[in-house]
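Me: I have a structure open and would like to go through some of its contacts. Can we take them one at a time?

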Amino acid sequence: MIDPKIIKKEFPVFKNNSNLVYLDSANTSLTPQIVIHKLVEYYENYPANIKRGIYSLSERATAEFEETRKVIASFINAKNKKEVIFTRGTTESINLVAYSLGRKIVNENDEVVVSVLEHHSNFVPWQVLAQEMGAVFKVIDINDEGILTIVKDNSSEVSLDDVITKKTKILALAYISNVLGTVNPLKEIIKKARQINPHIVVVVDAAQAVAHRQVDVQDLDCDFLAFSAHKMFGPKGAGILWGKEQRLEEMFPFQYGGEMIEQVKIEKTTFAKLPEKFEAGTPSIADVTAFKEAVKLIQKLGFSNIQKHEKDLVKKARAQLLHIFGKDINIYGPQNEFSSIVTFNLKGLHPHDVASLLNDKHVCIRAGHHCTMPLHTRFGIPASCRASFSIYNNEDDIEALIKGLLTARKLLTHA
Ligand code: PLP
């Protein structure tokens, strides 16, 4: 069972901001003391560079850094820890694949496929790649509920066979939408995509999934998976690109420089083996080191408890919002599938005004297009309000949100 009152005590931000109602964890999650402690431990005790010092401090830093790789590999069920590459986050991970593999395998008239609900990080790199290589950029639509039209039983005429062809080189999809909370049935989609085209490369943006559900890369059978530490209680500035070993082997390096080489000669340079081939320069050592503490926290709480807690909150939040605002609220996303997100608009009120007035009550939500302009265009709206829930939220937070929204409506409609 998740007890937010106890969990809150592990997040110092609540001690330092006593009235805080934080409903923006889909943007970035809060940081627990154990992660902060590990960050400080690194800087206070072994702040050396990794893999470059024949002395104890550097050896300790290297061991702590590499331990995170082991923890992450097991967390996502990677076959081998060398398939786990440290990056700055989801954005860098996806750009890495678009650059280092995309530019190698995508040719003129090939196809690159994404969906309209993607975060810009999993949309723009593929759009630009397709433009540069003269490939066709295909965008899978959603229905009005926010479910991909290719998903079976959603009464759409479109199927994956209409989208994926033998010319499709890359399919890049989010596991969970950062706006609608739609959970894409990736396992079935990937299986079907591989039946149509066995050579397809599948890239999964798992930024919104990893803190909320078990992600198993072998079970999904994707080629790449990208996520960020900061959305799962870890430090800002560290992220993961997981890739199937064979795929990573065939890719160009992403950046050139220190630690990613094998031999440098005036005539020619050869590159290090995995994972170092993709980890040029000095990484964000403290962030990577502390990342494992966040994973351990999630594992200690357990995904079934986390999911139950978040689903209960989202269900209640949706029901209460609908009950109080009725026809004056539009809630977006699938009705029967609850992730940790409630995205909405109050009729006639601009999301930025709403968020700003909520802030006066110490309620933090996100307002804007949430880096999903194509999705907002699909719904014919410029922006929306998003409340996202996590392990430290409880029903008091829903109450504070609703009270704040009622005040905002009153002020804005009488302005
Ligand atoms: N993909 C999704 C679904 C996201 O929600 C986000 C961040 O909001 C990203 C990608 C980008 O993550 P980052 O900014 O950590 O690189």
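**Contacts in the model**

Reply: This is a predicted model. In it, Glu64, Phe65, Glu67, Thr68, Val71, Ile72 and Phe75 of α4 meet Ile285, Val288, Thr289, Phe291, Lys292, Val295, Ile298 and Gln299 of α11.

Me: How many of the residues in the contact of α4 with α11 are nonpolar?
Reply: The residues of this contact fall into nonpolar, polar and charged groups. Three are polar and three are charged. The nonpolar group numbers nine.

Me: At what angle do α4 and α11 pack?
Reply: Two packed helices are described by the angle between their axes and the distance between the axes. Helix α4 covers residues 56–75 and helix α11 covers residues 285–301. The crossing of the two is left-handed. Their axes are 8 Å apart, and the angle is about 35 degrees.

Me: Are the rings of Phe233 and Tyr392 stacked or edge-to-face?
Reply: A pair of aromatic rings is described by the distance of the centres and the angle of the planes. The search of the whole structure finds 13 aromatic pairs. For Phe233 and Tyr392 the centres are 6.2 Å apart. Planes over 60 degrees apart count as edge-to-face, and these planes are at 80 degrees, so the pair is edge-to-face.

Me: How many residues apart are Phe233 and Tyr392?
Reply: Phe233 is in the loop between β7 and β8, and Tyr392 is in the loop between β15 and α15.

Me: Which residue lies over the face of Phe252?
Reply: Two charges over rings can be named here. Arg378 lies over the face of Phe379, at 5.7 Å from the ring centre. Over the face of Phe252, at 4.9 Å from the ring centre, lies Lys104.

Me: What distance separates the C-alpha atoms of His120 and Pro374?
Reply: His120 is in the loop between β3 and α6. Leaving out residues up to four places away in sequence, His120 touches Pro125, His369, Cys371, Thr372, Met373 and Pro374. His120 and Pro374 are 254 residues apart along the chain, and their C-alpha atoms are separated by 8.6 Å.

Me: Is His376 buried or exposed?
Reply: His376 is in helix α14. Beyond four places away in sequence, its contacts include Val179, Gly368 and Ile381. Buried means under 20% relative accessible area. The relative accessibility of His376 is 3%, so His376 counts as buried.

Terms used
Residues numbered from 1 in each chain as written. Predicted model: local features only at pLDDT ≥ 70, side-chain atom pairs only at ≥ 80, totals over all residues. Heavy atoms only, no water. Axes fitted to C-alpha atoms, helices over the stretch in contact; angles between N-to-C directions. Helix = DSSP H or I, 4+ residues; strand = E, 2+ residues; numbered from the N terminus. Left-handed = near helix turned anticlockwise from the far one by under 90°. Contact = heavy atoms within 4.5 Å. Nonpolar A, V, L, I, M, F, W, Y, C, P; charged D, E, K, R; others polar. Phe/Tyr/Trp six-rings, centres within 6.5 Å; stacked < 30°, edge-to-face > 60°. Lys NZ or Arg CZ within 6 Å of the ring centre and 35° of its normal. Buried < 20%, exposed > 50% of the residue type's maximum accessible area, 1.4 Å probe, protein only.
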